[in-house]
Amino acid sequence: MEYSSDLNQFVEFKLFNVKNNLTPLFLKREDLLGDGISGNKLRKLKYNVVQAIKEGHTQIITFGGAYSNHILAASYIKKNYGIDIIGVVRGEELIDKVEENPTLKLAKQNGMQFHFVSREVYRIKMSQVFLKELKDKFGDFYLLPEGGTNELAIKGCEEILTADDEKFNFVCCAVGTGGTLAGLINSSFVNQKVIGFSALKGDFLKEDVAALVAKNNWDIRTDYHFGGYAKVTSELIHFMNEFKSETGIVLDPIYNGKMMYGIYDLMKKGYFPKNTSILAIHTGGLQAIDGMNRLLQKKGMPLIND
Ligand SMILES: Cc1ncc(COP(=O)(O)O)c(C=O)c1O
């Protein structure tokens, strides 16, 4: 079978000037990239797909949770490039809930095959024992880690910044595993500071990212997680809906909404010096809104406008 490895054909850059009275802020619309695989996911998958093809693999195995952006993005590998893709999904109970879950439903339509495992097994997913089990069941495969972060993913994320971006003083992005931030740090310019906004509770990401980069022109803000991964508050939703009505741009509640809230908050607190400008990276992830709105509705909370 012939596979196309030219993912660049989908790459298109869009900058959006977010007007505000504080610090000049531009948004790099990575969310508009790609044919189904948007944002940092396309960047992370690009060189991995190329490598899988080079090594002669015809199937890829990867991991994720029920609403994972990565699982959905990976499903497009099958749809767009014809390579078989198996998603190892956390939660055995999901086995007969695929049709109710917008992420899994679409991933299935794209041709992803699922392997549901318990939370206990999911925790040891990278162990030799479990990987051997997968090999025995599915045969040879290319392994793509959870969240898609590995060296090749970071290499892909290094391409987010281009020569035109040198004029910005600050580069901001959301952080999950730290791969996107690591790529941005690697390709950042001498006078730039790169700031990650952690979508998770805790401080451990600083250590993870430090192990991936050689520069020290960066920081991770750990105070805008809104309670932890995939947790939201009415205040965050209100901010995202205001941002949408002012700019027309939709943010996802898990990553970019939190990053943008953090940027605005830091602006108001005078964190960014006078005469500096910010480039924020919109990494996509909008597919999560549908699932999140279903949860919010059940809890009687305000919904995200998209
Ligand atoms: C939309 C979106 N933005 C940002 C991130 C964070 O990226 P990383 O895991 O590379 O830190 C993710 C997670 O994978 C994501 O799905």
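Buried means under 20% relative accessible area, exposed means over 50%, and partly exposed lies in between, with a 1.4 Å probe and protein chains only. By that rule Ala211 counts as exposed, because its relative accessibility is 67%. Ala211 lies in the loop between α8 (204-210) and β9 (218-221). Its C-alpha is 9.3 Å in space from that of Ala182, and the two are 29 residues apart in sequence.

This is a predicted model: local features need pLDDT of at least 70, side-chain atom pairs count only at pLDDT 80 or more, and totals for chains, interfaces and linings use all residues. Residues are numbered from 1 along each chain as its sequence is written, and side-chain values use heavy atoms, with hydrogens and water left out.

Confidence comes next. The pLDDT is the predictor's confidence in each residue, from 0 to 100. The protein averages 91, and 95% of the residues score at least 70. Over residues 1-13, however, the pLDDT is below 50. Beyond near neighbours in sequence, this stretch has 30 contacts in the model. A contact means heavy atoms within 4.5 Å.

Now the whole fold. The protein has 11 helices and 10 strands. These are DSSP runs, numbered from the N terminus: helices are H or I with at least four residues, strands are E with at least two. The protein is as compact as a globular protein of 306 residues, because its radius of gyration is 19 Å, close to the 19 Å from the globule rule. That radius is taken over C-alpha atoms, and the rule is 2.2 Å times the number of residues to the power 0.38. Along its principal axes, the C-alpha trace spans about 60 × 45 × 35 Å.

What share of the 306 residues is buried? Buried residues make up 55% of them. Among contacts with a separation of 6 or more, 72% join residues 24 or more positions apart.

The protein exposes about 14000 Å², and carbon and sulfur atoms supply 50% of it. Accessible areas come from the Shrake-Rupley method with a 1.4 Å probe; for residues, only the protein chains shown count as cover. There are 37 positive and 36 negative side chains. The centres of the two sets lie 3 Å apart. Lys and Arg count as positive, Asp and Glu as negative, while His and the chain ends are not counted. Each charge is placed at NZ of Lys, CZ of Arg, CG of Asp or CD of Glu.

Turn to the loop between α10 (256-268) and β10 (278-282), where Ser277 has its place. Which of them are buried or exposed? Phe272 counts as buried because its relative accessibility is 6%. Ser277 is buried, with a relative accessible area of 12%. Asn275 is exposed, at 78%.

The backbone of Asn275 has a phi near 60 degrees, a positive value in a residue other than glycine.

Leaving aside neighbours within four places in sequence, Phe272 is in contact with Thr23, Phe170, Ile195, Ile263, Leu266, Met267 and Ile278. Phe272 and Phe170 are 102 residues apart in sequence, yet 8.4 Å apart in space, C-alpha to C-alpha. With residues up to four places away not counted, Ser277 touches Thr23, Pro24, Lys167, Phe168, Asn169 and Phe170.

Another positive phi occurs at Phe226, about 55 degrees, although Phe226 is not a glycine. Phe226 sits in the loop between β9 and α9 (234-247). Phe226 is buried, with a relative accessible area of 16%.

Gly178 is found in the loop between β7 and α7 (179-187). Gly178 counts as buried because its relative accessibility is 3%. Which residues does Gly178 touch, not counting residues up to four places away in sequence? They are Leu205, Val209 and Leu212. Gly178 and Tyr47 are 131 residues apart in sequence and 17 Å apart in space, C-alpha to C-alpha.

Finish at Asp164, in the loop between α6 (151-157) and β7 (170-175). Asp164 counts as exposed, at 56% relative accessibility. Its C-alpha is separated by 45 Å from that of Gly300, 136 residues apart along the chain.
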